[in-house]
Amino acid sequence: MSDARPGRGIDSAYAWRLALVSMACVALGGGGIYLPMVGLKEMAADFGDQRAVPSFAYMVGFFGMGVGGVFMGWLADRTSPRVPLLIAGVSIALGGWIASRGGEIALYAGYAMLLGFFGNAGTFTPAMNNVQGWFEKRRNMAVALISIGPAVAGSVWPQVYRLLLPEIGWRDTLLVYGLVSGVLLLLGALYVRAAPTLRGPGGRRREQKVHLPLPSSTIMVLLSAAGFCCCAAMAIPFVHMVAFCGDLGYPAARGTEAVSLVLVSAIVATFVMARLAQRIGPLPVSLLCSVIQIGSLVGFLYVRDINGIYALSLLHGIPFIAIVQGYALNLRFLYGPTIAGWRLGVVMLFAMAGMAAGGWLGGFIFDATLSYMSAFQSALAFNLLNLMLLGILYMAQRRRPMVSLP
């Protein structure tokens, strides 16, 4: 279902409009995951004041998105990126209703399957793979545009939730999200066309023979493990920012503002890092982002002043999207323009699993210790491991002979 008619070719005006629509769809699909952050205390109060319950919903939502991303990337390769979007629209509308109407099981099932596996997963990975195929000259900037979709979601939806939660509660707020996002995703799907790509028998995307610095399986393991570690570290302070500020005596509005600062910083930094990646390569940029995140995590171990939290939020936002964007750029750099969608899906699976595990781990550690100190220390340990894994791949690129893709 590619469409390369005049006016709809590579680097065309349509390609940029498609990138904008795809980014908006990512922002719509990812909005539900922010409710357990903003409404963490309200949701916990509905389940015996256990913060692990909304944290677990956040975890299974991200894990569902990660697993679903592999499937949706495969499905988009064989049909069209429009198909996952249509599935996502229906699933998010239904998931918002199911997750908001029942108890713990309904909450977890709604987030894991409908909002995650069939919902959010149908937006990000298919859009990222598809949009890269529509660009040659400004591909990094187009990738950056798609990458900011989650940050746009995190900038807009928490403000909506902050207004709705005191008026209608978290259950009806989740229902509103599901209906609004589901309908808009169905409309957005009508605009999406598949990029002109090399196809093999049966319409399957054909991977060209390329040379790699390490065996393909080793590269996939390194990038997947690095994605898990960086996102686990990233999620612990981010998911619990509102609650952390509340524990320090600041109102929820201050915590929400800190979350927004992370995401505003992330949006700006994503484009800056995309330009930098064009000059020095995506892997050095990923290493730089990992070092920056280490700095922010060290700061969260000691900060107690709201202005300090704001400053660290801006710092934490610099790698928030850019380091994940780097995995997509690194995969395309290594595997070539006809890379199969499932490869990005696998790496994003581990990245989303990291976001899921980090969000849950923060709540679990807090419930056990009544403090976020140990949680932030765990985040720092994950980030140091991420830096080591990326460093291994970087040294391999510099020192080892190239091997062919099997």
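**Notebook: core, cysteines and one serine**

I started at Met355. Leaving aside neighbours within four places in sequence, Met355 is in contact with Tyr58, Phe62, Cys231, Ala232, Met234, Ala235 and Phe320. Contact here means heavy atoms within 4.5 Å.

I noted the ground rules next. This is a predicted model, where local features need pLDDT of at least 70, side-chain atom pairs count only at pLDDT 80 or more, and totals for chains, interfaces and linings use all residues. Residues are numbered from 1 along each chain as its sequence is written, and side-chain values use heavy atoms, with hydrogens and water left out.

Then I looked up the core. A nonpolar core is a set of buried Ala, Val, Leu, Ile, Met, Phe, Trp, Tyr and Cys residues joined through side-chain atoms within 4.5 Å. Buried means under 20% relative accessible area, exposed over 50%, and partly exposed in between, with a 1.4 Å probe and protein chains only. The largest nonpolar core has 132 residues. Met355 is among those with the most contacts inside it, with Leu107, Tyr111 and Phe320. Helix α14 (residues 306-335) gives the largest share of this core, 15 residues. Helices are DSSP runs (H or I, at least four residues), numbered from the N terminus.

I checked for disulfides, pairs of cysteine sulfur atoms within 2.5 Å. The count is zero. Cys231 is in no disulfide; its nearest cysteine sulfur, that of Cys230, is 3.7 Å away. Cys231 is buried, at 1% relative accessible area.

Last, I looked up Ser22. Ser22 sits in helix α1 (residues 13-29). Ser22 is buried, at 4% relative accessibility. Beyond neighbours within four places in sequence, Ser22 contacts Ala127, Val131 and Ile146.

Notes. Helix = DSSP H or I, 4+ residues; strand = E, 2+ residues; numbered from the N terminus.
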